[in-house]
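Work through the exercises below with the sequence and the 3D structure open. Try each task before reading its solution.

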Amino acid sequence: MKGSALHPDRATAQRLVATARSYDGPNLQVEIAGPDAVAVNATTISWWPILIALAAALLLLGATLRSRGAVAVCAVTTSVATVTALAIAVLLSHATTMTLYAPLLAAVVAAGTSLGGAVVVVHRAQSWLREGAGALEAVTRAAAQAGFAIACGGFCVTLAMDGVVALGLPFFNGVALGSAAAGTATGLVILTLLPALLAICGPRLLGWTERHHLTTSGRGLRHPPGLRAWWAGWVHRRPRVAACAAGLVLLALAAPALTLKLGGADDGAESTSSTTRRAYDLLSTDYFPGLNGPMLVTVDLGRAPSAVSPDAVAAALARTPGVARAAVNLNNAQAGVAVIRVFPTAGPRSPDTTALLHRLRGQVIPRVLAGTGSRAYIGGSTALFVDMAANFHGATTGFLAVVLLTVLGCGLLMLRSATIAAALALTSALAILAARLRRRRTRRRHGRIRPGMPQLTW
């Protein structure tokens, strides 16, 4: 392919996949693997899960708010916040390098936070209307209390993520910029658009029955206490028990973060409906799993008379346990650079291949290059994800420190209480650690181990 690894030519890749797959039939199976085929699969998005999620959200909003006007206010607020966050992320991409998923992350985070904030503010406005307050008074109180707090939370997210960007942690830049865009969009929409929509709707935030009762009696309908009221009353009566129970649950969920394992995915983690997964299975069955993820050893031979021979390096690599074969793939004698392709016997993301990578880096290559003045570097999918995971572990401490300091500082400034600010920082830390996903490995075909998550996750 003529496209680069970072900017693949997807249109050409799609034509290539379609041309090759056109020969697939009852007597011949044709599948495509490689980075460009993966890029084609990555750009294919099914809208059905998104539509189902939107329908479920609308049903939940209707059951919670019991008013079409209230649901419309929340839906419009969420839509505008999502589009605004996406626009901010796209604008940032013109000024700095961002990961491909940063705009999507910005949209998802903005949708979730703005929807949750809108529901809280609308519910507060409904409560004031039921108490007999005027429409303007109800909107003002809801926006001044709940709306301001939610907007401050969004801006705190922006400050924290800006601090993460300032730390220069490359693996968090996409996450940080996307989250910062979402926090800014949420804060602006909650402070500006949401109060305006509430004022426009006014009494229509309540259902028709409640509006009629409010007009005739001056007060809203009293709803019989349900599960939410019972739970709120129980927590109010036993705050320490509830706090201890919640803390223990968070600690239990956060405990696996101490043994967090990170890893990436190869084509074997894709769905069997994709051609890359079927190609992976064919190569693993008819040859060996390591053929799907070769290691690339780049040797800088150097100019010294004692420079190592690429064939000698390849021979030493081939004799290493766990290596199926190794051979010189490219040799530019004039530039003094050679590329050796090494095929492990195990799959790209198996523990055996990871152990082989460490053995090659720590023992085999240093022994072969000793006293020659040459240098060698190992790349490939296995090396990429192992190095990313190591750097990710190191950067996580800085990320958590910035987030906690921002939450603590904002809590002190806004709440003027060290106790509440410390409680917010502690619960935020536990929530972040509890949200980490420990990579689970499951046995699959061909006796290999593949990760259950398709990308680096935490």
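**Exercise 1. Contacts of a helix residue**

Task: Find which residues Thr82 touches, not counting residues up to four places away in sequence.

Solution. Contact means heavy atoms within 4.5 Å. With residues up to four places away in sequence left out, Thr82 touches Ala107, Ala110 and Ala111. Helices (H or I, at least four residues) and strands (E, at least two) are DSSP runs, numbered from the N terminus. Last, Thr82 has a relative accessible area of 19%, so Thr82 is buried. Buried means under 20% relative accessible area, exposed over 50%, and partly exposed in between (1.4 Å probe, protein chains only).

Two notes apply throughout. The model is predicted: local features need pLDDT of at least 70, side-chain atom pairs count only at pLDDT 80 or more, and totals for chains, interfaces and linings use all residues. Residues are numbered from 1 along each chain as its sequence is written, and side-chain values use heavy atoms, with hydrogens and water left out.

**Exercise 2. The chain as a whole**

Task: State how many helices and strands the chain has, and what share of its residues is buried.

Solution. The secondary structure comes to 16 helices and six strands. Of the 458 residues in the chain, 38% are buried. For contacts, take those between residues at least 6 apart in sequence: 70% of them join residues at least 24 apart.

**Exercise 3. The buried face of a helix**

Task: Name the buried residues of helix α8 and explain why they line one face of the helix.

Solution. Helix α8 spans residues 193-201, and its buried residues are Leu194, Pro195, Leu197, Leu198 and Cys201. Looking down the axis of α8, these buried residues fall within an arc of 160°, so they line one face of the helix. The arc is that of the directions from the helix axis to the C-beta atoms. The buried residues of α8 pack against α4 (68-95), α5 (102-130), α6 (135-167) and α7 (173-191). Just after α8 comes Gly202, with a positive phi of about 60°.

**Exercise 4. Aromatic rings**

Task: Decide whether the rings of Trp231 and Trp234 are stacked or edge-to-face.

Solution. Start with the rule: rings of Phe, Tyr and Trp (its six-membered ring) pair if their centres lie within 6.5 Å; planes under 30 degrees apart count as stacked, over 60 as edge-to-face and the rest as tilted. By this rule there are three aromatic pairs. For Trp231 and Trp234 the centres are 5.5 Å apart and the planes are at 15°, so the pair is stacked. Both residues lie in helix α10 (residues 227-237), three residues apart, about one turn of the helix. Phe288 and Phe343 also form a pair, which is edge-to-face, with 6.4 Å from centre to centre and 85° between the planes. This pair links distant parts of the chain, 55 residues apart: Phe288 is in the loop between α12 (275-286) and β1 (295-300), and Phe343 is in strand β3 (residues 337-344). Phe288 has 16% relative accessibility, so Phe288 is buried. Phe343, at 14%, is also buried. Trp230, Trp231 and Trp234 form one aromatic cluster.

**Exercise 5. The sheet**

Task: Give the order of the four strands in the open sheet and say which strands are at its edges.

Solution. The order is β2-β3-β1-β4, with antiparallel pairing. Two strands pair if DSSP finds at least two bridges between them. The edge strands are β2 (323-332) and β4 (375-379), each of which pairs on one side only. Now follow β1. Five bridges join β1 to β4, and six bridges join β1 to β3. Val299 stands opposite Ala376 in β4, while its bridge partner in β3 is Ala338. In a regular strand the side chains alternate between the two faces of the sheet. In β1, the covered face has Met295, Val297 and Val299, and the uncovered face has Leu296, Thr298 and Asp300.

**Exercise 6. A residue of helix α13**

Task: Determine whether Leu317 is buried or exposed, and list its contacts.

Solution. Leu317 lies in helix α13. The relative accessible area of Leu317 is 0%, so Leu317 is buried. Leaving aside neighbours within four places in sequence, Leu317 is in contact with Val297, Val323, Ala326, Ile340, Val342, Leu360, Val364 and Ile365. The C-alpha atoms of Leu317 and Val364 are separated by 7.2 Å, although the two residues are 47 residues apart along the chain.
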